[in-house]
Amino acid sequence: MIVRFGLLQKNPSWSDERFAHHWLDDHGPLARKIPNLRAYRQNHVVDKRQLGISHQRGSWQFDGFSQLWFDDHQKMRLGMASEVAPKLVNDEGQFLGNMHIIAAESNTVIEPPAEQGAVLKRMSILTRTSGTSDARFRHEWYDVHADLVMKIPGVRGYRQNLVTVREREKGVFSEREDLPIDGMVELWFDSVASIEAGFASPAGQAAQAHGRTFLAEVTTFLVKEH
């Protein structure tokens, strides 16, 4: 299964409320018509603080993250080249100021609660350290870091998304140097207090210490999932 993320910045002349309303009620029904689409979620950013972690924050500024699931890259490409695509692009020109695309393979470490809204969702953009290869990044994140995060108290769900395709401009494949995003984390907690307590715990501190050995930046956002 492949998940395609849209990293969205709203039209700067639009209010947060207008952006959220249009994305959910107007753009959402269009996106649902994409052929081969297996699932679709919108994540509306509600808080841009690091909350509990001391890691270097990147300069990324986003107002939302879309997630579209496909069986594989071929079905994703066919879906995004369908007759729906021009309608999506036309609508995006209205309510978005900028958008980047990443596609990733997902690894669910802890299955999140099924009921939306029952817990807080936190999404984080990862950029690996200079000199860290693709292979080493995958090993450290999948084989070492995942076990450390699982031990953090209060974690209700945990998913890793390893970036395999980048489009700094939609429809134009980019090199990593042009869009240096290597992973997208999804974490679920009961509350802001549980996030801060979890990362302040010995297990949370151990996970952060390991993160500093292979991650240059961690840029976090609290989101409301639809």
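**Cavities, pockets and a helix pair**

Colleague: How many cavities of 30 Å³ or more turn up in a search of the whole structure?

Modeller: Two. A cavity is a set of points on a 1 Å grid over the protein atoms alone where a 1.4 Å probe fits but cannot get out. Bear in mind that this is a predicted model, where local features need pLDDT of at least 70 and side-chain atom pairs pLDDT 80 or more, while totals for chains, interfaces and linings use all residues. Residues are numbered from 1 along each chain as its sequence is written, and side-chain values use heavy atoms, without hydrogens or water.

Colleague: What's the volume of the largest cavity?

Modeller: About 240 Å³, counted as the space filled by probe spheres set on the grid points, which are joined across faces, edges and corners.

Colleague: And which residues lie nearest its centre?

Modeller: Ile53, Leu126, His145, Phe199 and Val218, out of 18 lining residues; lining means having an atom within 4 Å of a point. At least two residues each come from β5 (120-128), α4, β7 (183-189), α6 and β8 (215-225). Those labels are DSSP runs numbered from the N terminus: helices are H or I with at least four residues, strands E with at least two.

Colleague: You mentioned α4 and α6. How do they pack?

Modeller: α4 (134-150) and α6 (202-211) meet at an angle of about 160°, with axes 8 Å apart. Axes are lines fitted to C-alpha atoms over the stretch in contact, with angles from 0 to 180 degrees between N-to-C directions. That makes the pair roughly antiparallel, the word for angles over 145 degrees.

Colleague: Which residues make the contact?

Modeller: From α4 you have Glu140, Val144, His145, Leu148 and Val149, and from α6 Ala203, Ala206, Ala207, His210 and Gly211. Contact is heavy atoms within 4.5 Å.

Colleague: What about the second largest cavity, what's its volume?

Modeller: About 170 Å³. Its lining has 19 residues, with His27, Ser66, Leu68, Glu92 and Met99 nearest the centre. The largest share, four residues, comes from β1.

Colleague: Switching to pockets: what's the volume of the largest one?

Modeller: About 250 Å³. A pocket is an open set of points with protein on both sides within 12 Å along at least five of seven lines. Of its 17 lining residues, Gln116, Gly117, Val119, Trp188 and Glu225 sit closest to the centre. β8 gives the largest share, three residues.

Conventions. Parallel < 35°, antiparallel > 145°, perpendicular 65-115°, else oblique.
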